[in-house]
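Trainee: Please show me how to read a protein model, one feature at a time.
Mentor: Gladly; look at the picture, then ask.

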Amino acid sequence: MSPEPKQKPLPGVSAVGLYMFLLCILGVLGVTQHKLPKFVYLFCIAFALAGQGLLRQKRWGWALALATVLLSSIYQLWRFVEFHQLPLLGMAAVNMVLFLYLVRPEVRLRMR
């Protein structure tokens with residue numbers, strides 16, 4: 001018996017995966033320009049792995065994407081409270097919308 005072929009990823013999941021790669025690149029640029037602390041590299045690695053896992057429709061990629069989006073949103077909210085920069089609040093809101101999209105039943109069923 002041959003394994004069942006995987007369906008194409010949902011368009012929203014693909015967009016979230018590409019967004020993860022964009023966040024990885026922005027994080028690396030921020031650290032190399034000394035605008036962000038060095039521990040942001042850990043987020044960058046997690047974003048890259050989550051994006052790769054999402055695009056390949058792996059369950060671990062979905063779980064890692066949930067974790068990184070939620071942690072990134074919390075980090076951006078903390079930075080907003082600490083430094084009072086309004087764009088960080090917008091990024092936290094975008095990340096929360098992505099988190100809520102990833103926990104939808106249709107997305108969860110597709111990742112099994």
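Trainee: What share of the contacts with a separation of 6 or more comes from residues 24 or more positions apart?
Mentor: A contact means heavy atoms within 4.5 Å. In this protein, residues 24 or more positions apart account for 63% of the contacts with a separation of 6 or more. The model is predicted, so local features need pLDDT of at least 70 and side-chain atom pairs count only at pLDDT 80 or more, while totals for chains, interfaces and linings use all residues. Residues are numbered from 1 along each chain as its sequence is written, and side-chain values use heavy atoms, with hydrogens and water left out.

Trainee: How many helices and strands does the protein have?
Mentor: Helices (H or I, at least four residues) and strands (E, at least two) are DSSP runs, numbered from the N terminus. Here there are five helices and zero strands. Along the sequence the pattern reads α-α-α-α-α. The C-alpha atoms fill a box of roughly 55 × 25 × 15 Å, taken along the principal axes.

Trainee: How do I check the span of α2?
Mentor: Take 1.5 Å times one less than the number of residues; that is the expected span of a helix. The 16 residues of α2 should span 22 Å, and its end C-alpha atoms are 23 Å apart, which agrees. Now try α3. It has 25 residues and reaches 36 Å from its first C-alpha to its last, close to the 36 Å expected.

Trainee: Which residues of α2 are buried?
Mentor: Start with the cut-offs: buried means under 20% relative accessible area, exposed over 50%, and partly exposed in between (1.4 Å probe, protein chains only). Buried residues make up 37% of the 112 residues in the protein. In α2 the buried residues are V40, F43, C44, A46, F47, A50, G51, G53 and L54. They pack against α1, α3 and α4.

Trainee: Why do residues three or four places apart point the same way?
Mentor: An α-helix has 3.6 residues a turn, so residues with that spacing point the same way.

Trainee: Is L100 buried or exposed?
Mentor: L100 is exposed, because its relative accessible area is 52%. This leucine lies in helix α4. Compare sequence with space too: L100 and F21 are 79 residues apart in sequence and 19 Å apart in space, C-alpha to C-alpha.

Trainee: How many disulfides does the structure hold?
Mentor: A disulfide is a covalent bond between the sulfur atoms of two cysteines. The test is a pair of cysteine sulfur atoms within 2.5 Å. This structure holds zero disulfides. C24 is in none; the nearest cysteine sulfur, that of C44, is 4.9 Å away. That is too far for a bond. C24 counts as buried at 15% relative accessibility, and C44 counts as buried at 4%.

Trainee: Where is H34, and what is its phi?
Mentor: H34 is in the loop between α1 and α2. Its phi is positive, about 60°, although H34 is not a glycine. H34 is exposed, with a relative accessible area of 68%.

Trainee: Where is Q57 found?
Mentor: Q57 is in the loop between α2 and α3. Its phi is near 60°, a positive value in a residue other than glycine. Q57 is buried, with a relative accessible area of 5%. Just after α3, H84 also takes a positive phi, of about 55°.

Trainee: What volume does the largest pocket have?
Mentor: On a 1 Å grid over the protein atoms alone, where a 1.4 Å probe fits, a pocket is an open set of points with protein on both sides within 12 Å along at least five of seven lines; lining residues have an atom within 4 Å of a point. Grid points are joined across faces, edges and corners, and a volume is the space filled by probe spheres set on the points. The largest pocket has a volume of about 410 Å³. Of the 19 residues that line this pocket, the closest to its centre are L26, G27, L36, V40 and Q76.

Trainee: Which helix supplies the largest share of that lining?
Mentor: α1 does, with five residues. Helices α1, α2, α3 and α4 each supply at least two.
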